[in-house]
Each structure stands twice: as C-alpha cells, then as structure tokens.
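Student: I have a structure open and would like to go through it with you. Could we start with the sheets and then turn to the helices?

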Amino acid sequence: MPPRTALDQDAVPGPPAEAVAPLMRGIAVLRQLTEAGGTLSPSALERATGLARSTVDRITATLARMGYVRPDGRDVVLTPRVMELGNAYLAALRLPALLDARADALADELDESVSLAVADLDGVRFIHQATRRRAMSVSFRIGDLLPAERTAPGALFAAEWGQAEWARWHTRLSGDPANASFPAVPPQPVSSSQDLTDFETRVAQARRNGWALDDQLIEPGLVAVSVPVREQATGRVTCVASVVSHTSRHTAAALRSTLLPRLRKAVAAMEADLRQAPPPEPGPAPSGLAAWTTASKHELGREFIESLARGLTVLTVFGEGRSALPLTEVARATGLARATARRALITYEHLGLVTTGPDPRTFTLTPRVLDLGFPPLSRTTLPRLAAPHLRALADQLHEPTALAVLAPGTETEIQYTAGAGASRVLTVDIAVGARLPATGTSLGRVLLADAEGPLPPALAEIRAQGYALADEELESGLRSIAVPVRDRTGRAVAAVNVATHAARRTLQDCVTDLLPALRSTADHIQTDLHTASRFTHVPPS
C-alpha cells in the first residue's frame, strides 16, 4: 500500500469520495482547451470531455467570470489571466527566476535554443525556453510535456529512478505505445523490446557520463545535448539544461564536442546561483477570494459554479516563499472554510496537481499545473494580447483604436502592430505594419515622453499628464489621444490610442469622453501583459 498523504488519502484509481466533482469537470475543460491550442467551440468541448452541453456552458461561464476564458464568436478562448495558475507553480519552484538569465545568456552565446526542464512522473516538462527566431526553429513551449524515452533530459532523470518509477514507465508504454498522452510530440510507437532496451542503455550511459544526447529521438533533424543541474544538499537532479539544434547546423557528435563544454560551464554557474540564492521572501497571498466567489454566485446565480471557482483559487495561493503550505494556511489565504479547502486539495491530489510537501503536513504544486492553459499562451505577443481589448474599446466608443511601438532601430517612427476599426463611413484606416513619424502622432509622442533624462517642455507635459493628443497634424480632420502600455518594470513598451474626426469631437471631448475608457483599456492590456510576461518573453510586435 502506498504511504499515507497529508490528507490521509490512499492513492486509488477512482476519485476519492470527498473529491469535488465540478472542480474535476472544470479542470477537464481547461485541459481540453490547452490541448487544442487555446480555442474550442462548446460543442467540441462537449465531445472532448463527455460532459453535457449545459454543464459545459456553466463551466465556461464560470471560467469567463474568473477571466480565464472569453467568448469569441462561437468559440471559447483561453485568456492570459489563466496563466496565473502556471505562474503560481513556477514562482513556488523558483528555478526559472534563478536560472533563466543564465539560459538566455547561453542561447545568445551559442546562437542556439536553450531549455530548462523538470521531471513530471515519467515525462519531462519544460519550465523555460530561450529560442532562436529562425525559419526553422524549435516549437516547444513552456509547459509542454514530453515522454522521457524520447528526450535527453529524460535519460538523466531516469538515471535516478527506482523500481516504482521504472514500473510506472513500463505500464505507461504498454497502455500508450503511440505516446497519445503527449500531444506536444508526433506519434512514435515503441515497436519492439529493442526500443525499451535502447532507452535503458541510454539511461546507463547518462548515469556514467553525467550528460545525455538526443540524436533525432523526437523527430528527424532535431538534436540536443543535456546536462543536469543538481541540488547541493542532496546531489539529486533538480532540473536539466539542454542546448537544442538541427542537423543542418550541428550533428549530435558536434554538439558533444563543441557545445557540451560550454553547456557544462553554464550549468556550473547555475548550480552556484542555486547555492548562493537567499531564502525566498514570501509575497502577499491573494486576499478576498472567497468573498469574491460568493458575490459572483449571488450575481450570476445558477450559471456560476461556486465550487469550481473556489477550487481554482486554491492554486493561486502558492508562490515564491509559499511553495509548501499546510491546510490551515491554504484555508486562511483563500478565506475558505477548512473543510472546503481540504476537499479542493483532495481533488487536486487525485488529479496529480498537488502532492505532499517535504513536511507531510504540507502540500506543493506539481509541474502538471502547467497543463492548465500555459503552453498555448506562453508564445503570445503583445498585439495578440491587445487585440480583444482594442476590439472592445472600438465597439464601446464607435471609434477606431490602435496599438503601436517605436519602430525597431529608430526613435523617429512608430509602427502599428494591432488595431480595431469602427463602423463609420468616415473612419481611420492605417494598416498593421505601417510606419509614421513619431512626433506627428499621439502614439509616438506618448512613447517619446517615456525617454530617460530631461525632456522638451511639450514631452515633459505629456509625461506629467499621462496622455498625448494630436490635432490634425498627421492629416486634416484627424484627431487622436494615446496613453502608454507599460511592462512589469514600468517602462512604456507600446501605446494605445483612439482616433476620431475633428467634426465629431473637440480636443476637450477627447479628454473627457475618450480618455477614461482608453486608460481602462490600457490597464487591461497591462494586466494581461504582466501576467503573461512573468515567466515568458512577450514580444512587443
């Protein structure tokens, strides 16, 4: 019999009696949306989950209230806010925050993709990706899960497996020979006992060498070399760093001879960073979550599944300095009754999303939390984040809206990166990708006003008031007002505007009628940007 857990629940094939059924159904919907790339119709969700259409509708309505999905025509679409679930795991793990700068620097040095991965049962899950922007580049995303036997990191993790882990691996292969449970990789059945022996041989080699090679195990042309990053206290593998390339650039043998020494040097620096890292400072836990779910239930009634919303809030209380929490702390942070929090943790333990912490009275998140929406959103861009907000603003004001950045390599032009039109006979129509003089546009001026150091009086005024106006300078009759969009450091990385015709609104009308909604939209875009960019790079264009 397996050891008892902190919730005194033995591992059983079916859900425990105290598991929260609506929470399990909601997790199933999030996983199906993730596997589908972030978008599915309600009917497709109905087929994929086996749930009744009315149940799917109530689940998606609840997730929409939480900001995790939004309707898009007939489809349901994951939103950046759902990444807060994966962010909670990554923050609690700390490895991305401590090591991603080393991985990024190595990728720049080698001009090759570099990844960090952790073990997830008998699979390998990415927690950081530093990819090269090429016509042919690695498409794996943070949160993607790969089978151990088809990766170099998998051999290094398997070098520490015991009998139970090997038995689980054999059971999985016999039940899923085509790797159907790993949607991030192309199917490749394990066709013979020789394939099993090959993996065991590679594991033995990895144990002896202290590194491992992937010579086109995933698909033809893809090669990688991997080195384990070890925890000082135990000597065990805490994550694996890999350099990934293509056979048109490096053979597997060349990776070993030319890139392995530099990878080892980077890993040594990563291990030093782990040793020298100060203890984490616990940040503030979310507050008022239970009160919010209760208020939402009162407002939406039957369409809001309170047990699903309450269960999902449990995941968000974990984070940096809060990696292992006892039941009492989970209940206190969420505002939930102890029994309610306990049932949510029982459910997550059954689903493999939480496990017992170092102290058997505590709980920790597992890498499987990244299954909940993270991979399809980890490669997003600022224009994609902004697009639904621009559309909503244009519909609200009946005026065209746009997002722009300073054109790469210059501070004299802006480049339009996204926009939403309005249903008017006379309207603004500037194509995405178009460049205009920065000084002649409200978008450009608000970005120029963010420059460091002393500013000309006109730009200093814009910086002080937080918005810029343009009055018929670009074209006769065209007026616009813009505000900045700031990243997590407070730097203006883009600007959003509303344009109108001079005959429709005076300059004062632009400030009184358009600016409040424009600022609200910028806030929504910033919130999504800050959530999405916490552990991923979000390109501004």
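**Strands and helices**

Tutor: Strands S1 and S3 (residues 75-78) pair in the antiparallel sense over 2 bridges. Two strands count as paired if DSSP finds at least two bridges between them. Helices (H or I, at least four residues) and strands (E, at least two) are DSSP runs, numbered from the N terminus. This is a predicted model, in which local features need pLDDT of at least 70 and side-chain atom pairs count only at pLDDT 80 or more, while totals for chains, interfaces and linings use all residues. Residues are numbered from 1 along each chain as its sequence is written, and side-chain values use heavy atoms, with hydrogens and water left out.

Student: In S3, what is the bridge partner of Leu-40?

Tutor: The partner of Leu-40 in S3 is Val-76.

Student: What is the strand order of the sheet with S1, S2 and S3?

Tutor: The order is S1-S3-S2, in an open sheet of 3 strands with antiparallel pairing. Strand S1 (39-40) and strand S2 (69-72) stand at the edges with a single partner strand each, so one side of each has no neighbour in the sheet.

Student: And the sheet with S10, S11 and S12, which order does that have?

Tutor: Its 3 strands follow the order S10-S12-S11, and this open sheet also has antiparallel pairing. Strand S10 (325-326) and strand S11 (354-356) are at the edges; each has a single partner strand, so one side of each is left without a neighbour in the sheet.

Student: How many bridges join S11 and S12?

Tutor: S11 and strand S12 (residues 362-365) are joined by 3 bridges in the antiparallel sense. Val-354 has Leu-365 as its bridge partner in S12.

Student: Which helix lies across S11 and S12?

Tutor: That is helix H13 (residues 338-351), which runs at about 95 degrees to S11. Axes are lines fitted to C-alpha atoms, for helices over the stretch in contact, and angles run from 0 to 180 degrees between N-to-C directions.

Student: How do H11 and H13 cross?

Tutor: The axes of helix H11 (residues 306-316) and H13 come within 9 Å and cross at roughly 75 degrees. H11 and H13 are therefore roughly perpendicular to each other. Angles under 35 degrees count as roughly parallel, over 145 as roughly antiparallel, 65 to 115 as roughly perpendicular and the rest as oblique.

Student: Which residues make that contact between H11 and H13?

Tutor: Arg-310, Gly-311, Leu-312, Val-314 and Leu-315 of H11 meet Thr-340, Ala-344, Leu-345 and Tyr-348 of H13. Contact means heavy atoms within 4.5 Å. By class, the contact of H11 with H13 has 6 nonpolar, 2 polar and 1 charged residues. Ala, Val, Leu, Ile, Met, Phe, Trp, Tyr, Cys and Pro count as nonpolar, Asp, Glu, Lys and Arg as charged, and the others, Gly among them, as polar.

Student: New topic: are H15 and H18 roughly parallel or roughly antiparallel?

Tutor: The axes of helix H15 (residues 382-397) and helix H18 (residues 507-532) come within 10 Å and cross at roughly 160 degrees. H15 and H18 are therefore roughly antiparallel. Among the residues that meet are Leu-382, His-389 and Leu-397 in H15, and Asp-513, Thr-521 and Ala-532 in H18. The residues of this contact divide into 12 nonpolar, 4 polar and 2 charged.

Student: What about H1 and H2, at what angle do they cross?

Tutor: The axes of helix H1 (residues 21-35) and helix H2 (residues 42-49) cross at roughly 110 degrees and come within 10 Å. H1 and H2 are therefore roughly perpendicular to each other. In this contact, Ala-28, Val-29, Gln-32 and Leu-33 in H1 meet Leu-45, Ala-48 and Thr-49 in H2.

Student: Finally, how many helices and strands does the chain have?

Tutor: The protein chain has 18 helices and 18 strands.
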